[in-house]
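Have the sequence and the 3D view open while reading. The text goes from strands to rings and then to the ligand.

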Amino acid sequence: MRSNLGSLSQQLSRVAARQRVRNGWICQSCRVNQARCKPFSTSSALQKAIDNPYYVTTPIFYVNAAPHVGHLYSMLVADVLKRWQVLKGNRAILSTGTDEHGMKVQQAARLQDLHPKAMCDANSEAFRDLANKANIDYDFFIRTTDPQHKEAVEFFWNRLKESGYIYETVHEGWYCVSDETYYPENMIEKRISPLTGKGYMASVETGNMVEWQEEHNYHFRLTAFKDRLLKFYAANPRFMFPQARFHEMVDWVENNLEDLSISRPTSRLEWGIPVPDDPKQVIYVWVDALINYLTVTGYPMWPPGAEHTKGWPANVHVVGKDIMRFHCVYWPALLMAVDLPLPKTVVSHGHWLMGKQKMSKSTRNVVNPFFALDRWGVDVMRYFLIHKGSMAKDSDYSNVFIVDQYKKGLKNGLGNLLNRVTQPKQWNLRDAVIACCGDMFDQFTGDIADQRRRIQTLLPTAEEHMDKFNPRRALRGIMAVIYDTQVYLSNTEPWNKTAEEDRKEVNQIVFHAAETLRVAGILLQPFMPEKMSELLDVLGVSIDRRTCQYAKLQVDYSYGTPFVPIVKGAAGSLFPPIPVED
Ligand code: MSP
C-alpha cells in the first residue's frame, strides 16, 4: 500500500528545490497582492492528512483475463477525481485493486489448468502494472484474496446474520457466469448464436449467456429495503451521476427488486470466502467484492467514533454503467442492514466500443492499454480517453481520432501556444510579467479585455463540471479557452509590434496569453500530470503555486523565468509531431 504522507513529503522537498531556482524578484505592489493569497502551507496540509480524507474508489477488476482500455478508463476517471481534490487543497485517497473470487475466475483458471491463486497472482500484477504505467495516483491496491479482506468479509457476514436479514432457501433462476449475477425472468431472452445457429438464453442487458440453476443457498432480504432505498434516493439527489442513470435505478427498485442470493454451494463454486460456520457454502462474489471498499479503510478495526478518519463513507465510487445496480441498489441495502453509513456518490461512465460493440474480454475486441500507452504516451492517452470518453454515452475507440485530437488539442493547441508565448525573441516573458505587475487592470478594452474574461471563466467552469463529476466537460471547457487564445494572439499579433512605443502593449498582450497558460496549466494537472508539470516548468510557475487557489487571473507574478532551458523548434515542443504509421 502506498501512503499519501510519503508523496506529500516528496512534494514538499520538490517545492523547496524549485524555490531555490525561482526568480525571487517581485515588485512592491505585487508583494502586497501576493500576501493576500495564502501559499500552500505545510501545517495545514498535514492537518488535513489526519482529518477525514476525500475517498475515491475504482471498481476492483476481475482477474480472469488481462486488462483492456475499458478498465484503464475506470481507473483514469477515478484518478482525475482524486487529483482534482488534491488540486483544491484537500487530502484525498484513491483505492483500486482486483476481484479474485467467483465462478468466472474459477472457470478461467480451470481452462488454463492453473490453481486459481496462481492465475490471480499473475493477473492481479498486470492490473497493478497498468495503474503504475498510467500514472494512477492510488494509495491502496486491494486484492480480495488478501487475508485482511477475508476477515472484513467474515465480520460483515456475521453482522448481516445478526441483523436478521439473511435466510436459507432453495434458489432457482437464470445465472450468468460472465456477469456473476442472477437475472429475473423478465430480463432474459432467447437468442440465436450467429456462429452455431443454436438457440441460447441470454441477459437482455448484457447479451451474455445465462443458465438455469437450482441450489440451496443463503438469501439477503433485499425486498425489505425497498422503501428505505427509495427514500434515500429522494433525499440524496447527488447519490448518482449522471442523472439519467438515477431514473433507471429508481425504476429497478420500484419494479424489479427481488431478494438476493448471497452464497453458492461449494459443490458448484469452491473459489471464494467460505460462509462463517457453514463450510458447504462460499460467499457470493459481489458481496465479497463490494466489501473491499470497507477493507481499505481498516474495517472493522475503526477507532470508535472516528471511522471517518480512515475514509469511510467513500465520497465517490467510480463504476462502469454495467455495474451501477450492484453499487446503487445492493451495496446501500447491505450497508443499511449492518447500520453503516452509505457512500456519498456513485459516478458511472459509458463503455468503450470497438466496431460498435462493447470492448470486452469475452468478445476479444479489446485494445491492449499497455501498447496504447507506449505508442501514444501516458498523458496523450489520458487526454484522449477523458476528452472522448463520456459519462452518459458509449464512445468509439479509434487511433485516427487519437491522432486528430493530438494534432488539434495538444500539438497545435497547448504546445504551440506555449511556444508562441515563451520562444519569440521580440519579448521576454519575465519582463512582460513584471511590466504588468503594477498596472491598473480596469484599463483594458478590446481583445485584452475579452481575454481577461476568458481567463476568469476557467476556474468556475472547471469547478462546475467537476462538481457534477464530468471531467470530460471540464477538460473541453479549458481547451475551448486555449483555442480562443490562439485566435487572440493571431488577432493581436504581438510579434509585428516592434516599435519602442508598442512595448507596453506587447507586454500586456503576452502577459494575458501567459496568464491563460498558467491558469489552464494548473487546472489541467489532474488530466495530464507530467505534461502540465513540464508546461508550468517552462513558464517558471513555482511548485507551491500550482493549486486551485492560484488558478485565477493576477494572483501570481513570480513566474516568467523558465526552470528548464528553452529548446526551440519541434524537438523542444511539449507535444512534438508524432510519427504515424498505420
Ligand atoms: N469485478 C467487478 C467489479 C467489482 S467492484 C466492487 C467488475 N469487474 S470488471 O473487470 O468486469 O470491470 C471493471 C470495470 O471496468 C467496470 O467499471 C466496468 O464497467 C469497466 N469496463 C469493462 N469493460 C468496459 C468497456 N468496454 N468500457 C468502459 N469500461 C468498461 O465488474
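Strand 10 (residues 240–241) runs parallel to strand 16, and the two pair over two bridges. Within this pairing, phenylalanine 241 lies opposite valine 347 of strand 16. The model is a predicted one.

Strand 16 also pairs with strand 15: five bridges join them, and they run parallel. Here valine 319 is the residue that stands opposite serine 348 in strand 16. In general, the strands of a sheet pair through backbone hydrogen bonds, and the sense may be parallel or antiparallel.

How many of the five residues of strand 16 are buried? Strand 16 covers residues 345–349, and five of its five residues are buried. The side chains of a regular strand alternate between the two faces of the sheet. In strand 16, Thr345, Val347 and His349 belong to one side, while Val346 and Ser348 belong to the other.

Strand 4 (residues 140–143) can be read in the same way. Phe140 and Ile142 are buried on one side of strand 4, and Phe141 and Arg143 are buried on the other, which leaves both faces covered. Strand 4 runs parallel to strand 3 (residues 92–99), and four bridges join the two. Glycine 97 has isoleucine 142 in strand 4 as its bridge partner.

Another part of the chain holds an open sheet of three strands, in the order 18-17-19, with mixed pairing. Strand 18 (357–358) and strand 19 (395–396) are at the edges; each has a single partner strand, so one side of each has no neighbour in the sheet. Strand 17 (residues 352–354) pairs with strand 18 in the antiparallel sense, over two bridges. In strand 18, lysine 358 is the residue opposite leucine 353.

The next topic is the aromatic rings. A pair of such rings is described by the distance of their centres and the angle of their planes. The count for this model comes to 28 aromatic pairs. One of them joins phenylalanine 220 and phenylalanine 225, with 5.5 Å from centre to centre and 25 degrees between the planes, and this pair is stacked. Are these two residues buried or exposed? Phenylalanine 220 counts as buried because its relative accessibility is 0%. Phenylalanine 225, with a relative accessible area of 1%, is buried too. Elsewhere, one aromatic cluster is made up of Tyr55, Phe155, Phe156, Tyr293, Tyr299, Trp302, Trp312 and Trp331.

The last topic is the ligand. Which of the 26 residues around the ligand come nearest? They are Asp99, Gly320, Asp322, Trp352 and Met359. The shell around the ligand divides into twelve nonpolar, ten polar and four charged residues.

Some contacts can be followed atom by atom. A polar side-chain atom of aspartate 99 is 2.7 Å from a nitrogen atom of the ligand. With isoleucine 60, a backbone N or O atom lies 2.8 Å from a nitrogen atom of the ligand. For tyrosine 62, a polar backbone atom is 3.1 Å from an oxygen atom of the ligand. On its own the ligand has 660 Å² of accessible area, and the protein covers 97% of that. Two or more residues of the shell around the ligand come from each of these elements: strand 2 (61–62), helix 4 (69–87), helix 10 (285–290), helix 11 (292–295) and strand 15 (316–320).

Methods. Residues are numbered from 1 along each chain as its sequence is written. This is a predicted model: local features need pLDDT of at least 70, side-chain atom pairs count only at pLDDT 80 or more; totals for chains, interfaces and linings use all residues. Side-chain values use heavy atoms; hydrogens and water are left out. Two strands pair if DSSP finds at least two bridges between them. Buried means under 20% relative accessible area, exposed over 50%, partly exposed in between (1.4 Å probe, protein chains only). A residue is near a molecule or strand if one of its heavy atoms lies within 4 Å of it. A polar contact is a pair of N or O atoms within 3.5 Å; within protein, one must be able to donate a hydrogen and the other to accept it, and residues adjacent in sequence count only if both atoms are side-chain atoms. Accessible areas come from the Shrake-Rupley method with a 1.4 Å probe; for residues, only the protein chains shown count as cover. Ala, Val, Leu, Ile, Met, Phe, Trp, Tyr, Cys and Pro count as nonpolar, Asp, Glu, Lys and Arg as charged, and the others, Gly among them, as polar. Rings of Phe, Tyr and Trp (its six-membered ring) pair if their centres lie within 6.5 Å; planes under 30 degrees apart count as stacked, over 60 as edge-to-face and the rest as tilted.
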